[in-house]
Structure formats: structure tokens, C-alpha cells
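Me: I have just opened a new structure and would like to learn how to read it. Could you walk me through some of its features?

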Amino acid sequence: MNSKIGILYSTVDGQTLKICNVIKEVLVEKGNSVELFSIDDFDGKIADFDKFIIGSSIRYGKHNPKIIQFINEHKKELDKTKNAFFSVNLVARKPERATPETNPYFIKFLQTIDWIPNISAVFAGKLDYQKYPFTDRLMIQLIMWMTKGPTNPKTKIEYTDWDKVKEFAVLLNNS
């Protein structure tokens, strides 16, 4: 059955949007109608969609406050619609931190909202020091040093597992 699907996202450096576009591509190939919205641009209604997906990246250990506010304000509508949530963060580059059950940011996120998504996923993001403003670069290097990640300022690594992203999209399609 073809569905009308809305994807709402928040991204800092563009990786969450890139993931959303891959999810959209898979869902469209399966015959669905998919609309993509930035958290800053969405003014529609969740009820206009058969399924509603929210994706958000992490910066300094937190999801975008606008995403949290959106979820808290639209919990009733989300609960009435098939829904999903995915988080994008660099901690998920480690296999033992790459699931909703084991990712500390995802676990903490669920504790800050009064909503449990029908389907959840965690995807590793992208590390690109040269793209970050100076202060962000220093902070992220410090975090990476503490978590035994790469700290070379020339580092550019895409940790996203695209097969995992596509499997998530297929799961969404079949839900």
C-alpha cells in the first residue's frame, strides 16, 4: 500500500538531511509520496500524513531543542499516526553504541520527552573537522580525544552505515 509520508528533520552540518534524502529515495522507489521538512519550515499537520518520521542530529550531547519542543507539543498527533524517530550522532560510530537501546544520547533523549516512537534507529554521523567553526572543532576534538576517536584536524570520515539507513527505510515502508 502506498502511503503519504512526512519526514521532519533537524541537522547541523547536513548529515541528517543526507540520511533523510536516502530514506526518502527508498520510500519513493517503493511507491510512496514523501515530503521532507526542516524543523524550521514545517507548518503542516501530522494528520495529513499516513506516517511521520522525525530525524535529529546531536550537537554537544543534545538534540535540537526545537525537535524536543515539536514532539512535546504534537505528542497526541504523533501517537495517532504511524511514526518513527532516528538520531544521528558520532557516538554511534562504535558498534556497541549504535542501537536505540545502547546509545546514551538516544536513551537520554527518551527520558526528556513523553513519547515513545513506534520505530527507532540510531545512525552514526560524519566527522569533518575542517567544516566546523574554530570553537566547535576544539570541542569536538576534545570529545573525540576523551572517547578515543580521531583528533587530527584534517580528519574527514563519514561513519554513516548506508545499508542500515536503507534497511530502516524498508522497515518504515513495511510498517
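This is a predicted model: local features need pLDDT of at least 70, side-chain atom pairs count only at pLDDT 80 or more; totals for chains, interfaces and linings use all residues.

Me: Where does S38 sit, and which residues does S38 touch?

Reply: Helices (H or I, at least four residues) and strands (E, at least two) are DSSP runs, numbered from the N terminus. S38 belongs to strand 2. Contact means heavy atoms within 4.5 Å. Leaving out residues up to four places away in sequence, S38 touches L8 and Y9.

Me: Which way do strand 1 and strand 2 run, and how many bridges join them?

Reply: Two strands pair if DSSP finds at least two bridges between them. Here strand 1 and strand 2 (residues 33-38) run parallel, joined by 6 bridges. You can find I5 opposite V34 of strand 2. Strand 1 is mostly covered, with 6 of its 7 residues buried.

Me: Why is strand 5 described as largely enclosed?

Reply: Strand 5 is largely enclosed by the rest of the structure because 7 of its 8 residues are buried. Strand 5 pairs with strand 3 in the parallel sense over 7 bridges, and F52 stands opposite N83 of strand 5. Strand 5 also pairs with strand 6, again in the parallel sense, over 6 bridges. There, N89 has A124 in strand 6 as its bridge partner.

Me: Let's stay with N89. Is N89 buried or exposed, and what does N89 touch?

Reply: N89 has a relative accessible area of 4%, so N89 is buried. Beyond residues up to four places away in sequence, N89 touches I58, N103, Y105, V122, F123, A124 and G125. Take G125: N89 and G125 are 36 residues apart in sequence, and their C-alpha atoms are 5.1 Å apart in space.

Me: How do I read a nonpolar core, and how many residues does the largest one have?

Reply: In soluble globular proteins, nonpolar side chains tend to be buried together. A nonpolar core is a set of buried Ala, Val, Leu, Ile, Met, Phe, Trp, Tyr and Cys residues joined through side-chain atoms within 4.5 Å. The largest one here has 22 residues, and those with the most contacts inside it are I19, I23, I53, F86, F168 and L172. The elements giving two or more residues to this core are strand 1 (4-10), helix 1 (15-29), strand 5 (82-89), strand 6 (119-124) and helix 6 (162-174). Helix 1 gives the most, with 6 residues. As a case to look at, I19 touches F86, V88, F123, A124, T160, W162 and V165, not counting residues up to four places away in sequence. There is also a second, separate core of 21 residues, which includes I54, F70, F106 and F109.

Me: What is the volume of the largest pocket, and which residues are closest to its centre?

Reply: On a 1 Å grid over the protein atoms alone, a pocket is an open set of points where a 1.4 Å probe fits, with protein on both sides within 12 Å along at least five of seven lines; lining residues have an atom within 4 Å of a point. Grid points are joined across faces, edges and corners, and a volume is the space filled by probe spheres set on the points. The largest pocket has a volume of about 420 Å³. It is lined by 26 residues, of which I58, R59, N89, L90 and K126 are the closest to its centre.

Me: Finally, is K148 buried or exposed?

Reply: K148 is exposed, with a relative accessible area of 74%. You will find K148 in the loop between helix 5 and strand 8 (156-158). Its phi is near 60°, a positive value in a residue other than glycine.

Methods:
Residues are numbered from 1 along each chain as its sequence is written. Side-chain values use heavy atoms; hydrogens and water are left out. Buried means under 20% relative accessible area, exposed over 50%, partly exposed in between (1.4 Å probe, protein chains only).
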